[in-house]
Amino acid sequence: MTVEEPKPGAFFWVLLEQGVEWAPLSRAARPSKGYAKAMANGLLALQGLIEDLEAGPREPERAPASAKKGTTFGFGFGVLK
């Protein structure tokens, strides 16, 4: 989370996410009059994205892919006859 001031006295919070480079994820729709207020509003926005603040953000768990018995055989070539 960062705060930008594109013009004097207009502070916008910006939530960033890291991929290859940092990129904006979300930003304030309207400016705050001060840096501290923008920072506080940005932290509230960040907290709103986290389901459990005690555990922190988590990637969703992915269920293991399950193959149906007898329908495929290695590399998707189908059932051996």
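Author: Accessible areas here come from the Shrake-Rupley method with a 1.4 Å probe, and for residues only the protein chains shown count as cover. The accessible surface of the protein comes to about 7300 Å², with 57% belonging to carbon and sulfur atoms. This is a predicted model, where local features need pLDDT of at least 70, side-chain atom pairs count only at pLDDT 80 or more, and totals for chains, interfaces and linings use all residues. Residues are numbered from 1 along each chain as its sequence is written, and side-chain values use heavy atoms, leaving out hydrogens and water.

Reader: Happy to follow along! Why is S32 called buried?

Author: Buried means under 20% relative accessible area, exposed over 50%, and partly exposed in between (1.4 Å probe, protein chains only). S32 has a relative accessible area of 10%, so S32 is buried.

Reader: What does S32 touch, not counting residues up to four places away in sequence?

Author: Contact means heavy atoms within 4.5 Å. By that rule, S32 touches G9, A10, F11, K37, A38 and N41.

Reader: What makes the largest nonpolar core?

Author: A nonpolar core is a set of buried Ala, Val, Leu, Ile, Met, Phe, Trp, Tyr and Cys residues joined through side-chain atoms within 4.5 Å. The largest one has 5 residues: A10, F12, W13, L15 and A28. Of these, A10 also touches E4, E5, P31 and S32, again leaving aside residues up to four places away in sequence.
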